[in-house]
Amino acid sequence: PLVLGIETSCDETGVGIVRGHTLLADAVASSVDEHARFGGVVPEVASRAHLEAMVPTIQRALKEAGVSAKDLDGIAVTAGPGLAGALLVGVSAAKAYAYALGKPLYGVNHLASHICVDQLEHGALPEPTMALLVSGGHSSLLLAPDITSDVRPLGSTIDDAAGEAFDKVARVLNLGFPGGPVIDRYAREGDPEAIRFPRGLTGPRDPLYDFSFSGLKTAVARWIEAKRAAGETVPVADVAASFQEAVVDVLTRKAVRACKDHGVDHLMIGGGVAANTRLRAMAERRCEDAGITLRVPRPKLCTDNGAMVAALGAEMVARGRAASSWDLPADSSLPVTEPHVPGTHDHAHS
Ligand code: ATP
Ligand code: MG
Ligand code: FE
């Protein structure tokens, strides 16, 4: 199926077009520069930027894909989770286009999309899929027997998300926002073993698949404060590398453990933090040692984009899932267990 996907859950206006597992277009307009001076995403600024970018980004995607809107089999949109106002812009645009073109509308889950996008890279996901989802707002280990209808959390962060930890540590180091890509870059020049930062929830009595990154963030902040108080220069590259090593060590250790415990022979890693070069390298090595096939999309498909939404929408069409009703709501706290949002009326259109 030929599906157009719209993503506006945060600060990226993404429009992607796929045909089944084939990526045809991936147009992204980001308002990240407008937020940088505030040190985080400002919801009102994001909503306005989505509104301005929406129509041009849809047109750019159609042109890039070389397809006509009338040939689409459906329009998919992120229904949640995310910023309420930002989501509303995408959902409204998707409804308008779907209604005007006479196409079915599919409200999908942003988190399931971060996983499903890998079908564009490595073909059909195995079932069940074991996924490590690591992004700005979420960090979870998920077992998905069917990415369109059945996603089960094995464990999640009990405090900060992995991406949030990157952003907060970058702020303490005065490296700007968003922190992930900058820390990734600095870490390449640093020694990951220079400082031994704590690995949260890895004790013998700790939950196996849950994460905790807030203690790590505090430990890094304290370490930096002590250096500054002593009048010493902060070795930014070593701090970045050592912090990143602690995050990546825990993520990969628990993910491999989950695969082994559940007899799953592959691991999918998705979400913005999956773009991290050290995470990709360590996962590669640990999966290989454990006989697990690693599936990580190219970095551009790991951070927010419209192609991931289109990929999940195409899977909905292929599996004959019901289209969403025209009163599809934007749900800022849509749970990961609901990959597909049929809408609030039972008379979904076809
Ligand atoms: P969610 O998907 O949970 O709703 P989000 O959409 O804001 O959150 P994503 O766009 O998926 O999050 O990911 C953004 C996060 O990924 C940010 O926290 C950013 O710092 C982090 N990130 C991006 N690139 C890298 C990288 N190379 N290394 C580490 N973290 C990264
Ligand atoms: Mg973003
Ligand atoms: Fe995301």
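**Reading the ligand shell, sheet and core**

Visitor: Which residues are closest to ligand 1, and how many surround ligand 1?

Guide: A residue is near a molecule if its C-beta atom, placed from the backbone, lies within 6 Å of it. Here 23 residues surround ligand 1, and the closest are G136, G137, G163, G180 and G272. This is a predicted model, in which local features need pLDDT of at least 70, side-chain atom pairs count only at pLDDT 80 or more, and totals for chains, interfaces and linings use all residues. Residues are numbered from 1 along each chain as its sequence is written, while chains are lettered from A and ligands numbered from 1 in the order in which they are written.

Visitor: Which helix gives the most to the shell around ligand 1?

Guide: Helices (H or I, at least four residues) and strands (E, at least two) are DSSP runs, numbered from the N terminus. Helix α7 gives the most, with 4 residues; α6 (162–172) and α7 (179–187) each supply at least two residues of the shell.

Visitor: What is the order of the strands in the open sheet?

Guide: Two strands pair if DSSP finds at least two bridges between them. The open sheet has 6 strands in the order β3-β2-β1-β4-β5-β11, with mixed pairing. Strands β3 (22–30) and β11 (340–341) stand at the edges with a single partner strand each, so one side of each has no neighbour in the sheet. Strand β4 (residues 74–80) pairs with β5 in the parallel sense over 5 bridges, and A76 stands opposite Y106 in β5. Strands β5 and β11 run antiparallel, joined by 2 bridges, with G107 opposite V341 in β11.

Visitor: Which residues of β5 point one way, and which the other way?

Guide: In a regular strand the side chains alternate between the two faces of the sheet. From β5, L105, G107 and N109 point one way, and Y106 and V108 the other way. All are buried, a residue being buried if 20 or more other C-beta atoms lie within 10 Å of its own.

Visitor: How many residues has the largest nonpolar core?

Guide: In soluble globular proteins, nonpolar side chains tend to be buried together. A nonpolar core is a set of buried Ala, Val, Leu, Ile, Met, Phe, Trp, Tyr and Cys residues joined through C-beta atoms within 7 Å. The largest has 111 residues, and V247 and A76 are among those with the most contacts inside it. Helix α9 (residues 236–261) provides the largest share of this core, 13 residues.

Key. Buried ≥ 20, exposed ≤ 12 C-beta atoms within 10 Å, placed from the backbone.
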